[in-house]
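Biologist: I would like to learn how to read a structure like this one. Please show it and take me through its features in turn.

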Amino acid sequence: DDELAALGDPPDFSRLLDGLALEREQGITIDVAYRYFSTAKRDFIVADCPGHAQYTRNMATGASTASLALVLVDARKGVLTQTRRHSYICALLGIRRVVLAVNKMDVAGFDAATFARIETEYRELADKLGIDSVAAIPLSALEGDNLVQRSPRMPWYSGPTLLEFLEQVPAQADADAAPMRLPVQWVNRHGQDFRGYAGNLVSGRVAVGDAVVALPSARRTQVARVFDGDKDVQSAVAGQAVTLTLADEIDLARGDVIAAVHDAPEVADQFAAHILWMDEAPLLPGRLYFLQLGPASAVARVTAIRHRVDVDSQESMPATRLEMNEVGYVHLSLDHAVAFEPYAKNRALGGFVLIDRQSLATAACGTL
């Protein structure tokens, strides 16, 4: 602190995240910036996402892998259209836990009523969007009030500081307790007599002897061996990269799914989905795209646009096309059936991208 004071002007902390020259010139966030930090209790990855409407697709990119959203609100302005847009995208991409960080409380005179009004308005929005958990924290980032240490200037607030909350909040739902799902990324033929199916265990637990089903073929068998790297183990849990061998020879390929028999995912070639359109060329029903759902790929066609969703107001509107940064509720038809689950239940088997077949650019992201 003494060294910073000797330099004169306080540091501009926005430069930590706004690293692009255009961002510094215009004073806005354009692309997602990832920064890493850790405390004695936890490691963190922060994705700083842009707020402007024209960068909605960038914001969705940052939200797609997040476990928690920190929605920053200016105490002078309250819940804005931008706040509603960001919160809708977070809800669409499966984030069900939000920190409402009401900043610049110093400018608002550290007024409890101002904070309470903003919190009430945001909780109404969260209920409408299906966001399960909202933690509201009053802040003044200028001098660190309620960031790391509790602020004596807001004695009416008795909750945790921002860092205290982030250190103790559950990082994600208990994926171990969900049914076992292993999307096959690679068929490992190590010699003539070994056929293993490698992939990331996206949910559940798997152990030697478990009854499993291979999808989309629906063939049933048992797990013969479980490998963690090159080590033979008895079991594995969600999050581990494993290789399974099966008791029976089954024709499995990249994109197929090995799942628990008692609660297997569905298989279909027709879907309803929300998509966020990312391409500069509009979406027109009938055009073919590559669809990528985890390791599974297919040729997909949008057969109908049921409606467009105004991301600012969340109202449904009729539409015959989708422009860049617009969200629509559509019907998809695939050239073959794939295993899937609703996105709200399983991100790995419910989230997909559409890829332009000529440029190979990502045209849309979607949730089943």
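This is a predicted model: local features need pLDDT of at least 70, side-chain atom pairs count only at pLDDT 80 or more; totals for chains, interfaces and linings use all residues.

Biologist: What percentage of the residues count as buried?

Modeller: A residue is called buried when its relative accessible area is under 20%. In this protein of 368 residues, 45% fall into that class. As for overall dimensions, the C-alpha atoms fill a box of roughly 70 × 50 × 40 Å along the principal axes.

Biologist: How many helices and strands are there?

Modeller: The protein has seven helices and 22 strands. Contacts tell something about how the chain is arranged. Among contacts with a separation of 6 or more, 65% are between residues 24 or more positions apart.

Biologist: Where does pLDDT stay under 50?

Modeller: pLDDT is the predictor's confidence in each residue, from 0 to 100. The average for the protein is 89, and 91% of the residues score at least 70. Over residues 22–26, pLDDT stays under 50. For that stretch the model has ten contacts beyond four places in sequence.

Biologist: Which residues have the most contacts inside the largest nonpolar core?

Modeller: A nonpolar core is a set of buried nonpolar residues joined through their side-chain atoms. The largest one here has 40 residues, and those with the most contacts inside it are Tyr88, Ile89, Leu100, Tyr122, Ile131 and Val327. Several elements each supply at least two residues of this core: helix 3 (56–63), strand 3 (69–74), helix 4 (81–92), strand 4 (97–103), helix 5 (112–129) and strand 5 (133–138). Helix 5 gives the most, with six residues. Apart from this core lies another of 30 residues, among them Ala268, Ile275, Leu293 and Leu349.

Biologist: Which residues does Ile131 touch?

Modeller: Leaving aside residues up to four places away in sequence, Ile131 touches Ser87, Ala91, Ile95, Arg96, Val98, Tyr122 and Ala126. Tyr122 is also on the list of residues with the most contacts inside the largest core.

Biologist: Now charges. How many positive and negative side chains are there?

Modeller: There are 35 positive and 47 negative side chains, and the centres of the two sets lie 4 Å apart.

Biologist: Is Arg85 buried or exposed?

Modeller: Arg85 counts as buried because its relative accessibility is 8%, and the cut-off for buried is under 20%. Arg85 is placed in helix 4. Beyond four places in sequence, its contacts are Gly51, His52, Ala53, Thr56, Val311 and Asp312.

Biologist: What about the backbone? Which two residues does a cis peptide bond join?

Modeller: The angle to read is omega. The cis bond joins Leu215 and Pro216, with omega of about 15°. Pro216 is found in the loop between strand 10 (211–215) and strand 11 (219–228).

Biologist: And phi: where does Lys104 lie, and what is its phi?

Modeller: Lys104 lies in the loop between strand 4 and helix 5. Its phi is positive, about 60°, although Lys104 is not a glycine. Leu360 also has a positive phi, near 60°, and is placed in the loop between strand 21 (351–355) and strand 22 (362–367).

How values were computed. Residues are numbered from 1 along each chain as its sequence is written. Side-chain values use heavy atoms; hydrogens and water are left out. Contact means heavy atoms within 4.5 Å. Helices (H or I, at least four residues) and strands (E, at least two) are DSSP runs, numbered from the N terminus. Buried means under 20% relative accessible area, exposed over 50%, partly exposed in between (1.4 Å probe, protein chains only). Lys and Arg count as positive and Asp and Glu as negative; His and the chain ends are not counted. The place of a charge is taken as NZ of Lys, CZ of Arg, CG of Asp or CD of Glu. A nonpolar core is a set of buried Ala, Val, Leu, Ile, Met, Phe, Trp, Tyr and Cys residues joined through side-chain atoms within 4.5 Å.
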